[in-house]
Amino acid sequence: RLTQRTTYAARVRDLLVERGPAASTDMKIIAKQLGMSVRSLRRRLSGEGRTYKSVTSDARAILAKRLLLSTHGTIKEVAYDLGFADTTAFHRAFKRRTGMTPQVYRTQQLMADHPD
């Protein structure tokens, strides 16, 4: 039976998502949790055509979507929970990633889950 290997990018992303929005995204900590050096992790990600920054951005987008749908907090609170200094930066990053603002995303997803 063949098993598909999980990419290092997916491992890092999943670990960051599992750790949650308040956890550190320090590459040294993540590399240690994966049992490797920062240099080795950087090399593995590079071999997959990824950077650590792009993987942390993926994880942050997943966390943002989850927080927007699972909490009744304001957009400002979600931005703060994700480590953004201000709501404007969060709006820009979220829109760049998803093509819509956090409020539009939240509204669309909630409408899709609860059609009238």
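Is R13 buried, partly exposed or exposed, and what is its relative accessible area? R13 is partly exposed, at 27% relative accessible area; here buried means under 20%, exposed over 50% and partly exposed in between, using a 1.4 Å probe and protein chains only.

## About the model

What you are looking at is a predicted model, in which local features need pLDDT of at least 70 and side-chain atom pairs count only at pLDDT 80 or more, while totals for chains, interfaces and linings use all residues. Residues are numbered from 1 along each chain as its sequence is written, and side-chain values use heavy atoms, leaving out hydrogens and water.

The average pLDDT (the predictor's confidence in each residue, from 0 to 100) is 90 for the protein, and 94% of the residues score at least 70. Helices are DSSP runs of H or I with at least four residues, and strands are runs of E with at least two, numbered from the N terminus.

## Helix α4 and its surroundings

Let's start with helix α4, which covers residues 52-70. Its 19 residues reach 27 Å from first C-alpha to last, close to the expected 27 Å; that expected span is 1.5 Å times one less than the number of residues.

The buried residues of α4 include Y52, V55, D58, L63 and L68. Among the elements covering the buried residues of this helix are α1 (8-19), α3 (38-47) and α6 (87-98). Beyond its neighbours within four places in sequence, Y52 is in contact (heavy atoms within 4.5 Å) with residues including V12, L16, M27, I30 and L41.

## The nonpolar core

A nonpolar core is a set of buried Ala, Val, Leu, Ile, Met, Phe, Trp, Tyr and Cys residues joined through side-chain atoms within 4.5 Å. The largest one holds 27 residues, and L41, Y52, L82 and F90 touch the most other members. Two or more residues come from each of α1, α2, α3, α4, α5 and α6, with α4 giving the largest share, 7 residues.

## Salt bridges

Side chains of opposite charge can pair when their charged atoms come close. The structure holds 3 salt bridges, each defined as a side-chain nitrogen of Lys or Arg within 4 Å of a carboxyl oxygen of Asp or Glu. In one of them, R13 meets D14 at 2.9 Å, N to O; D14 is partly exposed, with 39% relative accessibility.

D58 is buried, at 17% relative accessible area. R50 forms a salt bridge with D58, their closest N and O atoms being 2.4 Å apart, and the side chains of D58 and R97 also meet in a salt bridge, at 2.7 Å. The D58 and R97 pair links distant parts of the chain, from helix α4 to helix α6, 39 residues apart. Through shared partners, salt bridges join R50, D58 and R97 into one network. R50 is partly exposed at 27% relative accessibility, and R97 is partly exposed at 38%.

## A buried arginine without a partner

R106 sits in helix α7. R106 is buried yet has no salt bridge: E77, the nearest side chain of opposite charge, is 7.2 Å away. For charge, Lys and Arg count as positive and Asp and Glu as negative, with His and the chain ends not counted.

Which residues does R106 contact, leaving aside its neighbours within four places in sequence? They include L67, L68 and L69, along with T71, G73 and I75.
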